[in-house]
Amino acid sequence: MADVTNPENEGDLQTQIEEVEALSSIYGEEWCVIDEASRIFCIKISDDLEEPKLTACLQIILPHDYPSAAPPIYQINAAWLRGPERTKLSNSLEDLYVEHVGESILYLWVEKVREFLVEKSQSSETVEQPEKVNMTAEEEVDDPEDIPDLKTLQLNTEHAHLFMDHANDEELPPIKHGNAITDRRSTFQPHLAPVVTPRQVKMVLGKLYENKKIASATHNIYAYRIYCEDKHSFLQDCEDDGETAAGGRLLHLLQILDVRNVMVVVSRWYGGILLGPDRFKHINNCARNILVEQGYTAAMDEATKSGAKTKRPKSKKTK
């Protein structure tokens with residue numbers, strides 16, 4: 001059967017091409033093409049071009065129906081950008097999209113991020129080396145702002161509109177707090193909530209960050225999996241919050257346990273002593289403990305006992 005081309009999508013593609021050409025001209029070397037065929041780009045943004053104090057990398061995927069019907073899929077990479085501040089910046093980008101639905105939005109997003117960086121650098125809370133605020137001495141990786149996370153960027157654009165849902169009819173899910181694990185002065189505590197939409201994920205994070213102790217944690221790592229009945233697939237994502245690779249490991253645990261419609265957050269308060277790989281063990285152990293306590297592993301345990309093999313729906317990762 002011959003392919004049928006959607007004229008609207010052709011218009012979107014032309015608009016994208018023109019927008020990318022303009023951004024490349026405006027930002028020069030700061031603008032980077034990661035995968036042109038997949039419409040994946042990134043731009044390095046600084047608070048000051050001459051003497052930058054703060055930088056962030058905004059990574060973008062342009063869906064085939066952007067800008068007419070879908071927003072860009074984005075990820076903000078900045079080691080110093082944590083919980084409440086990350087949520088504030090993300091909300092401001094999404095508000096901008098809602099104000100300009102159907103229009104090219106990337107230039108406005110870039111300048112909004114730059115405005116955020118300038119305000120942050122000028123505030124009295126800015127320290128001399130902000131990039132290290134959310135990193136423990138155990139991190140031995142290159143500057144994450146210079147390394148686009150291609151794996152994380154393979155996102156599910158089908159569900160992008162769910163993240164722009166500003167309806168107020170969803171209730172905050174109940175949040176459970178698990179038992180803490182302490183090792184060499186570092187403490188790990190899990191939190192769990194049932195979630196069925198990305199908006200509920202944001203609501204849970206917002207509620208947790210209202211707790212000053214949780215908001216002050218060195219890292220708040222999280223992962224979630226939402227089963228989409230109509231697509232027979234999973235909507236899932238994770239966040240390291242500065243603890244490199246911890247979010248992906250936590251998501252992998254949820255996948256192995258085959259849990260669904262649940263979000264797990266693990267707070268870590270760094271005690272000043274390096275734990276090495278043990279920190280990942282503690283993160284996953286306390287996450288598994290709270291999943292077991294709340295009955296999310298019961299179905300898998302029963303299947304394991306009976307030797308049953310279940311066919312798992314395909315998983316998709318989104319931002």
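Author: The protein has nine helices and 11 strands, where helices (H or I, at least four residues) and strands (E, at least two) are DSSP runs numbered from the N terminus. This is a predicted model, in which local features need pLDDT of at least 70, side-chain atom pairs count only at pLDDT 80 or more, and totals for chains, interfaces and linings use all residues. Residues are numbered from 1 along each chain as its sequence is written, and side-chain values use heavy atoms, leaving out hydrogens and water.

Now to the salt bridges. Side chains of opposite charge can pair when their charged atoms come close. A salt bridge here is a side-chain nitrogen of Lys or Arg within 4 Å of a carboxyl oxygen of Asp or Glu, and the count comes to 12.

Take R225 and D258, whose side chains meet in a salt bridge at 3.7 Å, N to O. R225 lies in strand β8 (residues 219-228) and D258 in the loop between α7 (246-257) and β10 (262-269), so the pair ties together parts that are 33 residues apart in sequence. Both R225 and D258 are buried; buried means under 20% relative accessible area, exposed over 50%, and partly exposed in between (1.4 Å probe, protein chains only).

Salt bridges that share partners also join D183, R184, D278 and K281 into one network. Within it, the closest N and O atoms of R184 and D183 are 2.9 Å apart. R184 is partly exposed at 36%, whereas D183 is buried at 16%.

Finally, E210 and K207 form a salt bridge at 3.4 Å, N to O. E210 is exposed at 58%, and K207 is partly exposed at 41%.
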